[in-house]
Amino acid sequence: MSTLRDRLATGEFTITAELSPPRGASAAAMLTRAELLRGWVDAVNITDNQGSHVRLSSWAGALAVKQSGTIEPIMQMTCRDRNRIALQSDLLGAGAHGIENLLFMSGDHPKFGDHPGAKPVFDMDSTQLTWTARTMRDEAKLISGKELNPAPRFFIGAVENPFAPPLEYRAQRAAKKIAAGAQFIQTQYVFDIDVFRRWVTDLGELGVLDRCFILAGVGVIRSVRMLDFLSSGRVPGVQIPEPVVRRLRGVAPDDVGAEGALLAAEVIAAVRDLPGVSGVHLLTAGYEKQTPELLRMAGIDRSALVGRALAGKSSDAH
Amino acid sequence: MTRVMVEIQPRPPAGGVPGTAGPRSVPHRPRLSARLAYLMQKVLKPNAVNRRVGAVVERSPTARKMFTATERASKERLFGCRMCGQCALPVTGYSCPMGCPKELRNGPCGGVGPGGACEVYPDKKCVWVVGFERAASQGAAADLRRMQRPIDHRRWGESSWLNYWAGRDDNLWTDDDGLSSQPVMGAQ
């Protein structure tokens, strides 16, 4: 049972966040960070070798988080490292362990990671992988046509970057993923509300908003160094608009973190009012401690949920 | 109608299976204008004449080899073709998706730079940005909404024209955006 799906279906503002598994053979550090988010977010993405850097696998990470009972995981899966045989096999593994929330993406090119000489697999693209998962669930079949017994239960997610060219095509590409089976979409960092609003409007015109939940990506620029890095153009898919750069450069270096948090809170508040947007996805890995404060600043009250989560924690102690 | 049975000879992939020696996936700007490319589409349609030509060519291994070499030479020059053997050009604005370093068949990744640059080769334009512009210029932008199925990697090095005319490519993409019908992936 996906509580993320249930939460989205209620129409309540939904929050997801992101955890990257460690480089090491223990999930303990990640579970400590998950604990900080308990109750504050409805589900958490477990990244899949993010930025093409080798980490503990998203599959094992998602299982560890699920078993810890802190938050419901969303298992990310890229097309970069596995062919269609391995992808379907891992999807069955996820299904067997009750990992229902999935998020599919192309994946960064190996060039950007710690093994730049690795073979880029990309046997399928993210639309095809989404389509594959839906076929496995709804047709109870592999894409070879072989039958599955039993079929897995999945809640299928995809990603989109509404800010990358060709802008006019971005909603159509998202609609393609929705046709393939995506039930929710998380976006790249939203800094430009106008472009984001245009994209959501385009989705509405394509008639797909009632078939898919949209979660707007929100990031916090925490320091001058992070601003320099993100605005350098060297991070695939990330563009920081000029007015945002100006605003953050306009404050004292020590205050950039506070201003960045304020900016993120403003983005959350702005997308909250947009029809067709179901919530936010916090792209704030490493920012778990400050996440509750960020949500409070944005005017989001999670006290009841946090209370319930903590009560659940004490009652289901092993 | 006579059905021509053709034994497809297994042969070493000559054109660049990913990860082997051969042309890498690097964005290639088409050398043929969008207008001419869409005109060519009419000529290359699997009509009776083309089907007949294809059937005759497929009867002789030598003819097939020569035909494939001609296709390779012209499409390499015009589109940076890597001979995947299952051509998507007619529905991608004649910008080859196999030049995308991720070989994405369903549109651009999220890493396209603000000016339309490929994230892996920043000095090249994203093949999908080029394809979208070209398709839109010919009133064919809706083609990019079709859902593309995964390719069959056994076909690298084959002639996609022969595959197209013989109907072996019929299931490569959906007829429309798939939103009303939720098409099945289908077996290969």
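Reply: This is a predicted model, and the questions below go from the chain contact to a helix pair and then a strand.

Me: Which element gives the largest share of the side of chain A that touches chain B?

Reply: The contact takes 38 residues from chain A and 33 residues from chain B. On the chain A side, the elements giving two or more residues are α5 (126-138), β5 (155-160) and α6 (167-180). The largest share is seven residues, and it comes from α6(A).

Me: Are α5(A) and α6(A) roughly parallel or roughly antiparallel to each other?

Reply: Their axes come within 8 Å and cross at roughly 20°. Angles under 35 degrees count as roughly parallel. The pair α5(A) and α6(A) is therefore roughly parallel.

Me: How do the residues of the contact of α5(A) with α6(A) divide?

Reply: From α5(A) come A:Ser126, A:Thr127, A:Thr130, A:Trp131 and A:Arg134. From α6(A) come A:Lys176, A:Lys177 and A:Ala180. The contact residues divide into two nonpolar, three polar and three charged.

Me: How many residues of strand β4 of chain A are buried?

Reply: A:Asn101, A:Leu103 and A:Met105 point one way from β4(A), and they are buried. A:Leu102 and A:Phe104 point the other way and are buried too. For β4(A), residues 101-105, the count is five of five.

Me: Which residue stands opposite A:Leu103 in β4(A)?

Reply: Strand β3 (residues 72-78) of chain A is joined to β4(A) by five bridges. The two strands run parallel. Opposite A:Leu103 stands A:Gln76.

Conventions
Residues are numbered from 1 along each chain as its sequence is written. Chains are lettered from A and ligands numbered from 1 in the order in which they are written. This is a predicted model: local features need pLDDT of at least 70, side-chain atom pairs count only at pLDDT 80 or more; totals for chains, interfaces and linings use all residues. Two residues are in contact if their C-beta atoms, placed from the backbone, lie within 7 Å. Helices (H or I, at least four residues) and strands (E, at least two) are DSSP runs, numbered from the N terminus. Axes are lines fitted to C-alpha atoms, for helices over the stretch in contact, and angles run from 0 to 180 degrees between N-to-C directions. Angles under 35 degrees count as roughly parallel, over 145 as roughly antiparallel, 65 to 115 as roughly perpendicular and the rest as oblique. Ala, Val, Leu, Ile, Met, Phe, Trp, Tyr, Cys and Pro count as nonpolar, Asp, Glu, Lys and Arg as charged, and the others, Gly among them, as polar. A residue is buried if 20 or more other C-beta atoms lie within 10 Å of its own, exposed if 12 or fewer, and partly exposed in between; C-beta atoms are placed from the backbone. Two strands pair if DSSP finds at least two bridges between them.
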